[in-house]
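The exercises below concern one protein chain. Work through each task with the sequence and the coordinates, then compare with the solution.

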Amino acid sequence: MNQTSRTMNMDTLSPARQGLITVMLSLAALLANHWHLPLYFGVDLIFGSSFVVIALLLLGWRSAMLVALVSTAYTLLLWGHGYAMVIFLLEAAFLSYFHRRGQRNILLIDCWYWLLLGVPMVLILYHWPLGLGWPATLGIAFKQPFNALLNITLAWLALALFRQLPWARVFALPGCRLQEVLFYSVFSLLLLQGSYLLVAQAQRMIDHRQLSIAQQLDWQLEQLAALIQRQASSPITIESLALVARPGFNLAILNEQTEVLVSLKAVQALEASDCGQSIRAKMQLWLPCQGAAMQRWQQGYFWQQLELNQNAPPLVLHAEHSAMPLTDYLSTSRTKLMAILLIMAALSLLLSWLLSHLLSKPLKQLSHASLALANATTADHIPEFRIESGIQEYQQLQQNLGSMQQKLAKRFENLFAEQEYLQNEINKSTQALQQSELFLRQITESSHDVFWLRSGDLRQVIYISPNYEQVFGRSCQSLIEDPNSFLATIHPDDQAAAIAAFEHYLISHRFDHCYRIQRPDGQIRWIRAQSFPVFDDQGKAIRHAGVAQDITSLKLAEQRLAESSDYQLAIVNSIIDGVITIDCHGLIQGMNPAAEQIFGYQAEQLLGQNVNVLMPEPYHSEHDQYLKNYLHTGNAKVIGIGREVTGLRANGEQFAMELAVAPVQYQGQLQFVGTVRDIGERKRIETLKNQFVATVSHELRTPLTAILGGLGLVLGTQQLSTMSEHLLHLAQQNSQRMMRLINDLLDFEKLAAGRLELNPELVALPKLLQELLAQHQTYALEKQIALQFRPDPELDELEVLLDGNRLQQILANLLSNAIKFSPARSVITVSLSLDNHELWFRVQDQGPGISDELAKRLFQRFSQGDSSDTRQQGGSGLGLAISQELARLMNGELGYHNLGSGCEFWLKLKKIQQK
């Protein structure tokens, strides 16, 4: 598997799934070692390494090492020593290292491991430290690589079957190469057959030998019983036992309490031990409880007893035979057989490689030709595909590739152009990656932590990082010379707690403590120290490791945070709006003094109660359902939306209030913060304002209407002097101006109160704009300004559904402003366009434009270009503010932009329903 495939494996699985699969493979490896196949005494075939290889190919080297650690731990229980665990872990590390470097054939990598490291380590560790003889050591040295090759073959076969499953694509495993399939298929056929012969023949040999020993023990007991019958009148002596005992056998006579009356030598099987086991119906096996499996078998004894009840008192005859001859024989015979199997495995490897190479050679030729195609620089260098094979399928493939060659030549230039582009992108990415690696290296090297190692008895400092001098202000050499000199740096107020924590560490083996130090320059700093011991196989601490972190800045930040929290609490308690905090169940968690004053409760009275106690019906009954709907659907009634509601005081009084609720996350829990404002006074003022507006509407508009009617009648029917006519015209203009001001005030009040309603109807837009220009024609002529309508021919028959009066009000305001501020002998252009169901109205003038100062307040109430007392242009300053609000109400936007000469105001209406 190449590096890209391994990266895909790690990217396609989440860390949680990787961990779960690793645990499953570890358990499978443990069970595979538990269900071992015994070859002979203390020598077994185990299969846990198969799952180590599967973890390596599926998940990478980290998971493989973890599975190897779990599976090899069982060998401590199985064989009673840790040498096999060391060898197998080193094997997993060897395979992981070379696999990460791109070596695909795990089987060949493992062969090199056993040839270079594995077999030499077995010979050294099993013969000298473990004390096995050379025959047994050689047998194990031959068995281990054979077992490893068998496990890798089984792992490959399992993965080959796993690739065929539909959900195997999650691991992004590369496909099997033909050479691999042929190689492993031939090799596994030979290896599995040899494994079966090895296990079956070993078991038959063990059964045969044990049967022979059992028969000899029966015969010895019969001879000893006959001897006792012959010498019934005289005691049995050691010399008598020696006459009937065969070489290698020990005979003994016991009483009913299994006490030895006479024996040739010490009876091993009677030693206190619970490690015996039954071999056959009568024969038992005694093994020592301590030591490696092979050593225990070599020190073991087969034994059998016979009771003589006709004697008085009854006797128990005991015969035993050392297991060492059997183990030595089996070791020697197994060693020869294992050597033959290893030779067969080597020949199988060679045969598998040759056969797979010959059958896959045509495909390799195709691969080389494809590589030459990838390395070609122009279409003229496209290689010719030739496959040397007598197989018809390969020949047909060559013909197909030949036809593809012509098509590839035509597109070759585009291919290399794209390749050059991709190469540039790769170079950029590589450069960015190098810079990132450099940055990470700089961060790592600039770590401010202090690392240290001490001996197992804590009397010696093995290592101290140089940053100790920067943090503690003392030299590293001083700590090496006196390992306890750092205690002098601890602040006197913290020394007792630090010493107590260290004494507890000697018992619990965990140290995590914060304390202050006082540097030689008098500076006080906070330190967090952590430590843990490292144990050997016997549970003895061989060293202690630790790290010290300077957390002064963290402590200062915590202090500032606490001060900030107190400051923010003081702010909340001092604001005039009420603040109430509830949990996701609606229970009150806190409230500020302003809330207490608004509702007439003390905070202690409401803590833990449902917030609906502050609400009258129907809000009281509906509040909890609002919360549930929000938590399940996200739909908000009040949450996240400010609105006016009715509150309930402690004395039962209901009042109008403005409520805004916002969700917050605090310590992983969802809570809600509500801001409450008593708007009773504001509502009273609004009532007064509405009354005032009604008074204005009735008391001002009615007289003005009568005045305007009278002035119009006089001007239309009476012959007046020039001065009188001028004065009447002036009165008429001022009355109209006052009427417009009153109308603007009333419209703005309705917009602010949300009481202005639209009356949509089908409107012919070109006709509306022509009427608008006709209405302003007289005003434009007075200003010596030309009005120009620029219609779109495609929109002559356009009719849309909207409020025509309000649209005309907006456009009339824009047009009158353009006439008002345009110079004489200029042109004002009005245009209409339709773009993707959006209507655009544009009014373009040739005036001075909008200054930066005016732009900041252009759409505000009572905002005018000339706000002085001597301004030349009239107006209320409400027109653009009202127009903007009307545009929003009609689902549109109102804006402007300065031109090179003049200004253009535009109105955009969205989602227009046209006919």
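**Exercise 1.** Is K910 buried, partly exposed or exposed, and what is its relative accessible area?

Solution. The model is predicted: local features need pLDDT of at least 70, side-chain atom pairs count only at pLDDT 80 or more, and totals for chains, interfaces and linings use all residues. Residues are numbered from 1 along each chain as its sequence is written, and side-chain values use heavy atoms, with hydrogens and water left out.

Step 1. Set the classes: buried means under 20% relative accessible area, exposed over 50%, and partly exposed in between (1.4 Å probe, protein chains only).
Step 2. K910 has a relative accessible area of 29%, so K910 is partly exposed.
Step 3. Look for a partner. K910 forms a salt bridge with E893, and the closest N and O atoms are 2.9 Å apart. The term requires a side-chain nitrogen of Lys or Arg within 4 Å of a carboxyl oxygen of Asp or Glu.
Step 4. K910 lies in the segment after β25 (903-909) and E893 in strand β24, so the bridge ties together parts that are 17 residues apart in sequence. Helices (H or I, at least four residues) and strands (E, at least two) are DSSP runs, numbered from the N terminus.
Step 5. E893, at 32% relative accessibility, also counts as partly exposed.

**Exercise 2.** Find which residue forms a salt bridge with D494, and state where the two partners lie.

Solution. 
Step 1. A search of the whole structure gives 13 salt bridges.
Step 2. In one of them, D494 pairs with R516, with 2.9 Å between the closest N and O atoms.
Step 3. D494 belongs to helix α16 (residues 492-508) and R516 to strand β11 (residues 511-518), so the bridge connects parts 22 residues apart in sequence.
Step 4. D494 counts as buried at 13% relative accessibility, while R516 is partly exposed at 21%.

**Exercise 3.** Identify the strands that hold the partners of the salt bridge between D512 and R528.

Solution. 
Step 1. The closest N and O atoms of D512 and R528 are 2.7 Å apart.
Step 2. D512 sits in strand β11 and R528 in strand β12 (residues 524-535); the pair, 16 residues apart, links distant parts of the chain.
Step 3. D512 is partly exposed at 47% relative accessibility, and R528 is partly exposed at 29%.

**Exercise 4.** Which residues of helix α24 are buried, and which exposed residues does the opposite face carry?

Solution. 
Step 1. In helix α24 (residues 765-775) the buried residues are L765, P766, L768, L769, L772 and L773.
Step 2. These cover an arc of only 160 degrees around the axis, which means that they lie on the same side of α24. The arc is taken over the directions from the helix axis to the C-beta atoms.
Step 3. K767, A774 and Q775 are the exposed residues on the face turned away from the buried side.

**Exercise 5.** Determine the loop in which Q784 lies, and do likewise for N891.

Solution. 
Step 1. Most residues other than glycine have a negative phi.
Step 2. Q784, not a glycine, has a positive phi of about 55 degrees, and its place is the loop between α25 (777-782) and β20 (786-790). The relative accessible area of Q784 is 47%, which is partly exposed.
Step 3. N891, not a glycine, has a positive phi of about 60 degrees. N891 is in the loop between α28 (879-889) and β24 (892-898), and is partly exposed at 39%.
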